[in-house]
Amino acid sequence: MYIAMVSGLMFVFPLVSVVLEVLVNKNHAALIDVIGKWFVFWAIGIRLFTAGLRQVLKPGLTAEGILGIKDKMSWQLVRELGFANLGIGLVGIISLWHPAWTTAAALAGGLFLLLAGLEHVRKKQRDFEENVATYSDLFIGLVMAVYLIVQI
């Protein structure tokens, strides 16, 4: 289930949304804006918001399943990470209706995911779910970096 959700939110849904918008609007001049819009909405907005909900409601899944921490004392920290994910994710979701927010969501969410991915890379032994988190975080962090560089 985890791999399907991450794949959908980080790759499939954003790419399908970009292709559909380009085909419907036939506006190729602003392709980077369309890419930014949909990757921010799905990969930053929906992914981080749903991850935040999961971390707040079931912190053990993140603590044990991804981080490998079995101590329930870590749950408070995981919940607080969830609050941050909810906030960043909400900005990404709202950016679909307030395009001026897209750059801020790309910066905050992209930096968060890039740094989180790099932190995962430092860990030598990762299970399958942590590898999925690592490479998807790095991918979106790089997509957001390219989007932001082009915006400058």
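Student: By class, how many nonpolar, polar and charged residues does the lining of the largest pocket have?

Tutor: The lining has 15 nonpolar, five polar and four charged residues, where Ala, Val, Leu, Ile, Met, Phe, Trp, Tyr, Cys and Pro count as nonpolar, Asp, Glu, Lys and Arg as charged, and the others, Gly among them, as polar. This is a predicted model, in which local features need pLDDT of at least 70 and side-chain atom pairs pLDDT 80 or more, while totals for chains, interfaces and linings use all residues. Residues are numbered from 1 along each chain as its sequence is written, and side-chain values use heavy atoms, without hydrogens and water.

Student: What volume does the largest pocket have, and which residues are closest to its centre?

Tutor: A pocket is an open set of points on a 1 Å grid where a 1.4 Å probe fits, with protein on both sides within 12 Å along at least five of seven lines, and lining residues have an atom within 4 Å of a point. Here the volume, the space filled by probe spheres set on the points, is about 470 Å³. Of the 24 lining residues, Gln55, Thr62, Ile66, Leu81 and His120 are the closest to the centre.

Student: How do H4 and H5 pack?

Tutor: Two packed helices are described by the angle between their axes and the distance between the axes. For H4 (residues 75–94) and H5 (residues 102–122), helices being DSSP runs (H or I, at least four residues), the angle is about 145 degrees and the axes are 9 Å apart, with axes fitted to C-alpha atoms over the stretch in contact and angles running from 0 to 180 degrees between N-to-C directions. Leu81 and Ile88 are among the H4 residues that meet H5, whose partners include Ala105 and Phe112, contact meaning heavy atoms within 4.5 Å.

Student: How many salt bridges does the structure hold?

Tutor: There are four salt bridges, each a side-chain nitrogen of Lys or Arg within 4 Å of a carboxyl oxygen of Asp or Glu. In one, the closest N and O atoms of Lys37 and Glu21 are 2.9 Å apart. Lys37 lies in helix H2 and Glu21 in helix H1, so this pair ties together parts 16 residues apart in sequence.

Key: Helices (H or I, at least four residues) and strands (E, at least two) are DSSP runs, numbered from the N terminus.
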